[in-house]
Amino acid sequence: MADTLIVGGGTAGCVLAERLSADPAHAVRLLEAGPLWTGLDSMPAELLDAAALPIGPEAGWLWRYEVALAEDPPVPGTIVRGKLIGGSGAVNGSYFVRAAPADFDAWCRVLGGSDAWSFDSVLPFYCRSERDLDFGDQPWHGDRGPIPVLRPANPSPVSAAFAEACLADGFAEVPDLNAPDSGEGVGAVPCNCDEGRRIGPGVGYLLPALARPNLTVVGETYITRIRFDGTRAVGVECVRDGKSGVEWADRVVLCAGAIESATLLLRSGIGDPQELRALGVPVVHAAPVGAWLSDHPEVGISYLLDLAEPPTVPLETVLEIDDVEIRPYSVSFTPGVRRLGVTLMRPRSAGVLRLRSAEPGVAPLIDYRYLTAEPDRARLWEAVATAGGLLRRMNARPVDPIPESPDPEDWLRANLATSQHMSGTCRMGPEDDVAAVVDEMCRVHGVTGLSVVDLSVVPVPLGRGPQATTMMIAEKAAAHLGG
């Protein structure tokens, strides 16, 4: 029986498994629904190529979900998440930008003033994860971690043109977006890659640890429910090779991501009692699981610009303007057409995740409810106008002209997408917080022996993309779970 059973071998699960198993006396077992490759030689080439986004319709290592991006009328969408060792960190664009100090100030306010997740408290765990190849000699960076971090030295023509347009428009140049005082401006994106190879959490953390006798990693294992003895988690029910079974443990840690961790809690009886009973799920503990879903809404502007397109990471440069990130994608998702992403990083609108059925394998209902809050619509439209001005400086032509109407909601909805940075479905907070699912140590309120360690616990929208922060959360959780 494992001391710690980790459910999900994505970004957080890989970090947690490696760090906890560094103690030879700690038996760790990791279960992943997708495939496991035990070495670089056996991995498909596109998973290692930082210039590839292996998320096409033929990819067999993805969770796929139908979602509603907005309501009245509904704006449908499809999202994908990594279903393999390394999770979404094995198939993403290698963006490795930290959340800003202001995000952690907001996080601490949710915790009633506790400094457990202040920027000063989390900085050592950011540093522990990285080997920054540009700024590793700076005190706010690490130079010995398992994840190499590098900024593009020779940006593609479209990235260079965008940066020049930003500087000409009066924006500052930001040398290091991961510096605590980086501020607003345009800068090169720190990427978790080296020599063209994507170094995600599976490659950087887990693979080097697979030979440890106290670490067992099993792929192709789908977890259906958490097994409880009263209100204590004692294991999980699972299906492997078509056969059902139970895996027992002293402690269960969910690292399955904001969708699957929340779904598993709900199927196991932790959630809204009325909704659970309606689906025939016995209630273990009442909790607001899935009631506060956050993500970064992105409005895509398609444009034409005749420039060379060398192989590179999908995003080399970004412009940060307070709560907006403007992204000039360096690869074309549609042949001949480029995309500029205008993203609201701290939206006020929040969505929900609910069970459709208690049956394992039935995807949950995911309702983003983007654009619900009027300030979100106003801020996005303001940012779209800024982006349009930058495109004019680049001599680029939008495919769908940006309207000058004072009521742009139809245009926003027609071009609405999501960054696929879902968080908050198992929100962190004090026990008396009606929105909280876990405490500041990531332990699920109302039960014992059960924790959630992934992006689902983040209680505020993050002003940057999540991969570096997810690794930090797992590093910080490992420090107390292994104690």
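Is Glu220 buried, partly exposed or exposed, and what is its relative accessible area? Glu220 is partly exposed, at a relative accessible area of 47%; buried means under 20% relative accessible area, exposed over 50%, and partly exposed in between, with a 1.4 Å probe and protein chains only.

## Basis of the model

This is a predicted model, in which local features need pLDDT of at least 70 and side-chain atom pairs count only at pLDDT 80 or more, while totals for chains, interfaces and linings use all residues. Residues are numbered from 1 along each chain as its sequence is written, and side-chain values use heavy atoms, with hydrogens and water left out.

## Backbone geometry

Most residues other than glycine have a negative phi, and most peptide bonds are trans. Glu220, which is not a glycine, has a positive phi of about 50°. Glu220 is placed in the loop between β10 (215-218) and β11 (221-229); helices (H or I, at least four residues) and strands (E, at least two) are DSSP runs numbered from the N terminus.

Glu195 is not a glycine either, and has a positive phi of about 55°. The loop between β8 (193-194) and β9 holds Glu195, which counts as exposed at 78% relative accessibility. The peptide bond from Asp72 to Pro73 is cis, with omega near -5°. Pro73 belongs to the loop between β3 (62-70) and β4 (75-82).

## Aromatic pairs and charges over rings

A pair of aromatic rings is described by the distance of the centres and the angle of the planes. Rings of Phe, Tyr and Trp (its six-membered ring) pair if their centres lie within 6.5 Å; planes under 30 degrees apart count as stacked, over 60 as edge-to-face and the rest as tilted. By this rule the model has 10 aromatic pairs. One of them joins Phe104 and Phe119, whose ring centres are 6.1 Å apart and whose planes stand at 55°, so the pair is tilted. Phe104 lies in helix α3 (residues 101-110) and Phe119 in helix α4 (residues 119-129), so the pair ties together parts that are 15 residues apart in sequence. Phe104 and Phe119 are buried.

Phe104 also pairs with Tyr126: the centres are 6.2 Å apart and the planes at 80°, so this pair is edge-to-face. The pair links distant parts of the chain, with Phe104 in helix α3 and Tyr126 in helix α4, 22 residues apart. Both Phe104 and Tyr126 are buried. One aromatic cluster is formed by Phe104, Trp107, Trp117, Phe119 and Tyr126.

A charge sits over a ring if NZ of Lys or CZ of Arg is within 6 Å of the ring centre and within 35 degrees of the ring normal. Lys476 lies over the face of Trp117, at 5.0 Å from the ring centre. The charged end of Lys83 sits over the ring of Trp63, 4.5 Å from its centre.

His285 lies in strand β15 (residues 285-286) and is partly exposed, with a relative accessible area of 23%. Not counting residues up to four places away in sequence, the residues that His285 touches include Gly269, Ile270 and His445; contact means heavy atoms within 4.5 Å. The side chain of His285 reaches the backbone oxygen of His445 at 3.3 Å.

Asp367 is found in strand β21 (residues 365-367) and counts as buried at 9% relative accessibility. A polar atom of the Asp367 side chain lies 3.4 Å from the backbone nitrogen of Arg369. Beyond four places in sequence, Asp367 is in contact with Ala68, Glu71, Gly351 and Val352. Gly200, in the loop between β9 (197-198) and α6, is buried, with a relative accessible area of 5%. Its contacts, leaving aside neighbours within four places in sequence, are Gly89, Ile147, Asn192 and Tyr205.

Conventions: A polar contact is a pair of N or O atoms within 3.5 Å; within protein, one must be able to donate a hydrogen and the other to accept it, and residues adjacent in sequence count only if both atoms are side-chain atoms.
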